[in-house]
Amino acid sequence: TNIWIVMLCFCVMMLGIFGAIAFGVYKSCRQKYQKQFKFFLCHHKAASGCMARLLKIELHQRLPRSKTFVDCDDLLNLTRLFGYVGQDTETFVILGSPAIFTRKWCVGEMVTAQVNGVRTVLVAWPTMVMPDEQFILNYRSIVPEIKDLTKFGINLLDVKKTLRWLGEVETLWLPSKLTDIVVRSLVSSLVTRKNHDGPASPASPVGSEVTDRRSKCNDSSSMLCPILVDPKNIEAVAAAFILQALLRPLLLNRLMLADVLKEDMEVPQDTRAALMVCSDLCFLSGQVQSWLLQASRIPTCYMIPIIADDNFLVPSPSFFTELVATSSTSSLNQADLFAYMQVVKALFQEIAIIFVPQNSASTIEDLELRANKTAARLLVPLQPMTQKISRLSTTQSMMSGDSNNNRMEPCDLVHRFVVPFQAVVDVETISQGFKDPLDDQECGDGSEVEVAF
């Protein structure tokens, strides 16, 4: 009996040893042959930084155990950049914004992917133009800084070969407007497609197989906190979707649902709070004008401006002059025009929050911190827009000595409307000036937002 017990213990011990050895071999092989990054997002920050961040969030939700490379999160040493592309990436994704082929670092990444045979997908912006032969032949003069890549073993012949090769790459074309359906369909295409020879047909990645998770919210009255954004600005819409994704879990138990408002929807009449995502020229958008007028007429609605673009400028007197000068071609009559100017002015009497995902300084931790601050602000009732506008109207009437706003010439309208005031921006949340290692120009303005009225 004792012999059998000893033999059983010996067998169990040997099985444990062989199991540990087999696990070690398996782990070693997995580390050797499995790439560190499932996806590498090649992008020009100023034109597609928000889209890159949005795709990384969506890809992580779809494949929680995989990693997606975005330089502001994963690049600690610039000398490792091309190594990540060539040795550590399964699928190389080019976010084809219009100027992407003139960015030396992006082109260097493309060359590395081509040379190493990395599966590549081009996500083409509607305004992107593929490099033609004339562009390729004149590339040295068009992008003189491309010579800086020679120290990484990339020469002009490699660049020209890669630019011609792009015509053979699988291509997914974005439509002119970004929606949640488009984003999820694009993610599905990236996750499920196998290696593909030749370019895809020039069509939107939107597929009928994609389910719109907002179908249950088709009734606009179910949305308590709409996020308003210029629907024609792809980067601004991407920033809005990022904010939505980060806010939803924070507001889940507070009976508040943050949702990007679709273009064909109206601001719900029971809205208590709304977020206005501010981007370059957003206040000239007819859809934004319509939404802000709707929100301003809801007695309980208060609004918080979210600055999501480094190029955004708080509307100044010249903006209102331009708005009045172009009023004949807009859908606003004089009464609505005056009301809209009041709404914009009232909006920036509330503290603005800086939320710029395209910034190199905007890591996911930084964005989560800003989303937490936004959620805290939403949960504290602020002064409704109707009260702010009423106070502004009273102040302007007292200063002008006349309360009749219905019949005025355009120049009188601007003169009467532009009353000095200080737009309030949360300076603590503004990103500090920085030098992006993958860019050749400064991003961010340092420490303050200057507003002149």
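**Exercise 1.** Glu133 is partly exposed in this predicted model, with a relative accessible area of 40%. Determine which residue forms a salt bridge with Glu133, and state which helices the pair ties together.

*Solution.* 
1. The partner is Arg164, and the closest N and O atoms of the two residues are 2.6 Å apart.

**Exercise 2.** Locate the partner of Glu350 in a salt bridge, and decide whether the two residues are buried or exposed.

*Solution.* 
1. Glu350 pairs with Lys388, with 2.6 Å between the closest N and O atoms.
2. Glu350 sits in the loop between α13 (334–347) and β10 (353–354), whereas Lys388 is in helix α15 (residues 385–400); the pair therefore ties together parts 38 residues apart in sequence.
3. Both Glu350 and Lys388 are buried.

**Exercise 3.** Identify the network of salt bridges to which Asp73 belongs, and classify Asp73 by its accessibility.

*Solution.* 
1. Within the pair Asp73 and Lys56, the closest N and O atoms are 3.0 Å apart.
2. Because Asp73 lies in helix α3 (residues 71–74) and Lys56 in helix α2 (residues 45–62), this pair ties together parts that are 17 residues apart in sequence.
3. Asp73, at 22% relative accessibility, counts as partly exposed, while Lys56, at 16%, counts as buried.

Terms used: Residues numbered from 1 in each chain as written. Predicted model: local features only at pLDDT ≥ 70, side-chain atom pairs only at ≥ 80, totals over all residues. Heavy atoms only, no water. Salt bridge = Lys/Arg side-chain N within 4 Å of Asp/Glu carboxyl O. Helix = DSSP H or I, 4+ residues; strand = E, 2+ residues; numbered from the N terminus. Buried < 20%, exposed > 50% of the residue type's maximum accessible area, 1.4 Å probe, protein only.
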